[in-house]
Amino acid sequence: MFTGIDEVDWASLGHAYGPADDVPELLLGLASGDPAEREAALDGIYGAVHHQGDVYDSTLACIPFLLELVASPEVQDRGCVVELLASIGGIDLSGDDELQELDPEDEEFEDAANYAMAAAAVAAGADVFLALVGDADREVRLAVPGALASLHGDPVRVLDLLRERLTVETDTEVRLALVEAVGRIALRYESLRDETVSWLNWLSDAAQDPALRLAALAQLARCAPGKLPRNVVATVTGLLSELRTAGDGHKPGAGQGPEPGTGAGSGTGSGSGCGAGSGAGSGVGVGVGGVFGGGSVVASGGSASFAELNPPVTPWNSANSWAAPGVRDSLPTSNPVHPAQPADPAELRPVTPTLVGQLREPRDEQRAGRGTAWADDLLRTLHSALDDRVDDRIALITAQLRSPDRAQRTDAVWMCGGLVRTWRGAYDEVVRLVGAQLRDPEPRLRAAAASWLEGLFSLARPAADDLAERVAIDPAPWAPEWVGGRACSAGALLALTRAGDARAVPALARALEQPEPDNKLLYAIPHLAEAGAPLAPALRRRLGALPLDDDLGEQSGPLLLALAGLRAVEALPEVLRVLRGAPTFRREWVLESALRAVTAFGPAAREAAPVLRVLLDDASAGTATAAARALWAVEGDAGAVLPRLRALLLTPDAHDRRSAAWALGAFGGSAAGAAPELRACLTAREMWLRVDAATALCRVTGDTAEGLPVLLAAWRENRHTRVEIAECLAELGPVGGAVAAEAAPLLRAELARKRRHNVSAGVSGDHDIHQDERLLALCRRALGEPAGRGPE
């Protein structure tokens, strides 16, 4: 093995951290008999040679040796190497027109060339994977189907091989990997799509194993969603019930998840056990997690024979599949692990301080106690493929949340996140059912439910009773609950507070007595409005006790925001202390936070006027504009602040001009004298400055004629401007006349849109759902329609 490795001039090659002279040692480590050394070597390759998916010249030089490792049956953990090769060679640049047109002198050309050479090199050696579909190592069999579907150049041969292998494969997760690979081929090769879709359609109806039928439906949803049965929700719900029943047959109480000491679910996963994959589960008396998760079947109350679990299999035939008698009974049902596989390979995996291990541990922890992890993966695939069929997805999640199987309910809670974060819909019943999970004795399920509810704000109100009950019975609801050695947020109390429910107040009062209350709870207090008034004395005490040092910015911000939200003018002495004693470090941030509080207090804070006048002339435009707004709120004298703000509108700094426009908009007609300077900003280069100036101009003139074209153009150009624009239109009253003709269609189109306006791929924020619901409420208000329950 490794013939020629010493002939490569590794020192002349590079990786993410410099010369690649350490790569031979990493490659040799992958073949080591020591599990810890193998994992450390894999970690080193992912961390340097294939850093964040990059391909270097050293990566290219590794490919022949990695292929050699995969083909050597004496090497352990080859499934990890298969996945590594699939990652190195799996980047397809054929559809990227920009990369195709790169100049050879361009800096990105070398990167693109390396990706292309890697794909070609792995594809050239991909025949090695053909012989591995029946390998004795389960983790190899689990990784190979996806590699073949992605990398091999003969998809017809691969498709036939995968379907043939399905008729003899005895491991559930591997069979599901085979089906997933078939679906991947259908997506990649249009010429094979009709045939493949027909096969998936047949499998979804013909397979005896409910797991296979569910897998086929998931792939069908990806490849040809129009071919899904009309009653897809009822079908999937029935399959989940069959899976649960099959699990119950092997272990009493399996529907309630694994019990202590059974070993159930010790690493079920869709990967081969490398990185985020989780290996196989095992245990005595296992239920769903063992029978369907690839674990050893050793039932304490009697066991099914191999023949009972694996009846003879009839291959699919496109000519007679639909009429084949008894075809459903001829496909494999639930199976134990391959006889050549160790009972629990997860036990052989070392505990090493590697990135691979760190990536695996959270996934293992997340999946612990959740039944068949692969069923979760299939349902996620199905949900993703159903895409904007929100009603179907709600019905499916609702059915899962009503299941007697705790694992299915836990999976459903996790799936709620992507659905509600991305799509608008009628979620009241889903929220109620998730709230009901807070009564469950399983801490992971409770933590998942609370974590999801805390991001809903007003949408969480249907679960308010369950949240309040959970907060009431928890001796310290402000403290994080520890699950599996990890701290979860104080979700129930946070969710109840963000929902604006007064029942959160007693627990919040106790939280404020703790040495370091969670800032998230403090930031949520304004949602309580008047109901939070009893918290003001404790907030004052905490603010008054803060040292005026460099930590003031971090510590005072949440307290000042909470006091501003409660309009607690009795805290004015403590706020003035901050204004007068703000340290140099983060001074502007501290002052602006305190000035927002004074603004919220209004005329009752007249005592602050002298300090505000001094800050009006501050060198920082942010501080000056915040002081101007506060002084206006306290005294109502626009003449005292307009000169400073109008001067700021003429500065070259766009951020300073935005700050001034923001302040002027709050004055309404009293700031009409600043209209000329605001008009001049409507043609500014910076889009956000144009938006701020246009909204301010509409507010100070009471007329949308000049600002509206700018606002509508920004609405179309950048979806993130829509909340601010809708707020302005809503403040001016129901749109009518010429305004209605221009703005109303955009507002109605927004209300009709299924997808949330602020969804971004791979990025989500804690307040995204809240902000989108606020946008919907503002659009309705601007149109003169009932605002609904959403926030404003």
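Trainee: Why is helix α25 (residues 491-498) called largely enclosed by the rest of the structure?
Mentor: Because 8 of the 8 residues of helix α25 are buried. Buried means under 20% relative accessible area, exposed means over 50%, and partly exposed is in between (1.4 Å probe, protein chains only). The buried residues of α25 are Gly491, Ala492, Leu493, Leu494, Ala495, Leu496, Thr497 and Arg498. Before we go on, this is a predicted model: local features need pLDDT of at least 70, side-chain atom pairs count only at pLDDT 80 or more, and totals for chains, interfaces and linings use all residues. Residues are numbered from 1 along each chain as its sequence is written, and side-chain values use heavy atoms, with hydrogens and water left out.

Trainee: Which helices do the buried residues of α25 pack against?
Mentor: They pack against α23 (443-453), α24 (464-473), α26 (505-511) and α27 (519-524). Contact here means heavy atoms within 4.5 Å. The helices are DSSP runs (H or I, at least four residues), numbered from the N terminus. Just after α25, Gly500 takes a positive phi of about 80°.

Trainee: What makes Asp440 and Arg406 a salt bridge?
Mentor: The closest N and O atoms of the two are 3.0 Å apart. A salt bridge is a side-chain nitrogen of Lys or Arg within 4 Å of a carboxyl oxygen of Asp or Glu, so the pair qualifies. Asp440 lies in the loop between α22 (428-436) and α23, and Arg406 in helix α21 (residues 406-422), so the pair ties together parts that are 34 residues apart in sequence.

Trainee: Are Asp440 and Arg406 buried or exposed?
Mentor: Asp440 has a relative accessible area of 9%, so it counts as buried. Arg406, at 13% relative accessibility, is buried as well.

Trainee: How do you know that Asp618 and Arg587 meet in a salt bridge?
Mentor: Their N to O distance is 2.8 Å, which meets the salt-bridge cut-off. The pair links distant parts of the chain, with Asp618 in the loop between α32 (609-616) and α33 (621-635) and Arg587 in helix α31 (residues 587-601), 31 residues apart. Asp618 is buried at 11% relative accessibility, whereas Arg587 is partly exposed at 30%.

Trainee: Why is Arg679 called partly exposed?
Mentor: Because its relative accessibility is 34%, a value in between the buried and exposed limits. The side chain of Arg679 meets that of Glu706 in a salt bridge (2.6 Å, N to O). Glu706 is also partly exposed, with a relative accessible area of 38%.

Trainee: How many salt bridges does a search of the whole structure find?
Mentor: The search finds 38 salt bridges.

Trainee: Why is Leu217 called buried?
Mentor: Its relative accessible area is 2%, so it falls under the buried limit. Leu217 lies in helix α12 (residues 210-223). Not counting residues up to four places away in sequence, Leu217 touches Ser204, Leu228, Pro229, Thr235, Val236, Leu239 and Leu382.

Trainee: And what makes Glu25 exposed?
Mentor: Glu25 has 63% relative accessibility, so it counts as exposed. Glu25 is found in helix α1 (residues 23-30).

Conventions. Helix = DSSP H or I, 4+ residues; strand = E, 2+ residues; numbered from the N terminus.
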